[in-house]
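Dear colleague,

Please find below the structure that I am handing over to you. My notes on helix packing, the ligand and the backbone follow it.

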Amino acid sequence: MSTQTSQPAQSTAQRLIIAITGATGAIYGVRLLKHLRALPQIESHLLISDAGALNLHQELALKRKDIEALADVVHSVRDIGASIASGSFQSEGMIVAPCSMKTLAAVAHGLSDNLITRTADVTLKERRRLVLMVRETPFNLAHLRNMTAVTEMGGIIFPPLPSFYNQPSSIEEMVDHSVSRVLDLFKIDNQLAPRWSGLK
Ligand SMILES: Cc1cc2nc3c(=O)[nH]c(=O)nc-3n(C[C@H](O)[C@H](O)[C@H](O)COP(=O)(O)O)c2cc1C
């Protein structure tokens, strides 16, 4: 893991930007990073919001530095001059896992008020893949309109809703099912969850 400021990393790996924000479900970001760490071709760039760090502690008793150790490069949310803030930084795209309604709202309205929302904005403007694992329940009209706006701009709204047809036996299995589908969206080969092969 390295902390980066304004210079782009010199690498031929596929870069993927991961952000953990303050919605419940920090485990989605953690499992994603754990799986990416096993893939040498992927260079992960990590951002954790302050509320995201709070939830990592609340839900998983993890410290920010425990999770940062899983990433190849870590950026401060306040470092608005970081490499990933520019469209000239080449990446496969960005996953916000989990994504709060606040971050969703900022992305929907082009409000680049920190490095997470700026990088999401750049991802959309460069027409790269942006996946928001949004989490709230129930939704109000602002949430629904913001999801529509992001979809209209080319982003993918991916609420991490568990499936039951695969008869999961643990939280990790349920989480990995969603993580697997998200990795599929980036064409990252994975066997994290069984694939549907028809009714038994
Ligand atoms: C324990 C806890 C759980 C939360 N769960 C959610 C949630 O599921 N969805 C959501 O939109 N916000 C949730 N919030 C509120 C966000 O953390 C808050 O709006 C925060 O400002 C989001 O900032 P960020 O997007 O920069 O991380 C939660 C907050 C706490 C403390």
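I begin with helix α4 (residues 101-108) and helix α5 (residues 115-125), whose axes come within 9 Å and cross at roughly 45 degrees. Axes here are lines fitted to C-alpha atoms, for helices over the stretch in contact, and angles run from 0 to 180 degrees between N-to-C directions. Helices (H or I, at least four residues) and strands (E, at least two) are DSSP runs, numbered from the N terminus. The helices α4 and α5 are therefore oblique to each other; angles under 35 degrees count as roughly parallel, over 145 as roughly antiparallel, 65 to 115 as roughly perpendicular and the rest as oblique. The crossing of α4 with α5 is right-handed, a crossing being left-handed if the near helix is turned anticlockwise from the far one by less than a right angle, and right-handed if clockwise. On the α4 side the contact (heavy atoms within 4.5 Å) is made by Thr-103, Ala-106 and Val-107, and on the α5 side by Ile-116, Thr-117, Ala-120 and Leu-124. Five of these residues are nonpolar, two are polar and none is charged. For this count, Ala, Val, Leu, Ile, Met, Phe, Trp, Tyr, Cys and Pro are nonpolar, Asp, Glu, Lys and Arg are charged, and the others, Gly among them, are polar.

The model is predicted: local features need pLDDT of at least 70, side-chain atom pairs count only at pLDDT 80 or more, and totals for chains, interfaces and linings use all residues. Residues are numbered from 1 along each chain as its sequence is written, and side-chain values use heavy atoms, with hydrogens and water left out.

Helix α4 also packs against helix α6 (residues 141-152), at an angle of about 45 degrees and with the axes 9 Å apart. That makes α4 oblique to α6, and their crossing is left-handed. Here Met-101, Leu-104, Ala-105, Val-107 and Ala-108 of α4 meet His-143, Asn-146, Met-147, Ala-149 and Val-150 of α6. This contact comprises eight nonpolar residues, two polar and no charged.

A further pair is helix α1 (residues 26-37) and α2, which pack at about 95 degrees with their axes 9 Å apart. The two are therefore roughly perpendicular to each other. Ala-26, Ile-27 and Val-30 in α1 meet Asn-55, Leu-56, Glu-59 and Leu-60 in α2, a set of five nonpolar residues, one polar and one charged.

Turning to the ligand, which residues come nearest? Of the 13 residues around the ligand (a heavy atom within 4 Å), these are Ser-49, Ser-100, Met-101, Thr-103 and Arg-135. Polar contacts (pairs of N or O atoms within 3.5 Å) include a polar side-chain atom of Ser-100, 2.5 Å from an oxygen atom of the ligand. A backbone N or O atom of Gly-22 lies 2.8 Å from a ligand oxygen atom, and a backbone N or O atom of Arg-135 lies 2.7 Å from a ligand nitrogen atom.

Finally, the backbone. Most residues other than glycine have a negative phi, and most peptide bonds are trans. The peptide bond from Ala-97 to Pro-98 is cis, with omega near -5 degrees, and Pro-98 is placed in strand β5 (residues 93-99). The bond from Thr-137 to Pro-138 is cis, with omega near -10 degrees; Pro-138 is in the loop between β6 (129-134) and α6. Ala-61, in the loop between α2 (50-60) and α3 (64-68), has a positive phi, near 55 degrees.

Yours sincerely

Methods
A polar contact is a pair of N or O atoms within 3.5 Å; within protein, one must be able to donate a hydrogen and the other to accept it, and residues adjacent in sequence count only if both atoms are side-chain atoms.
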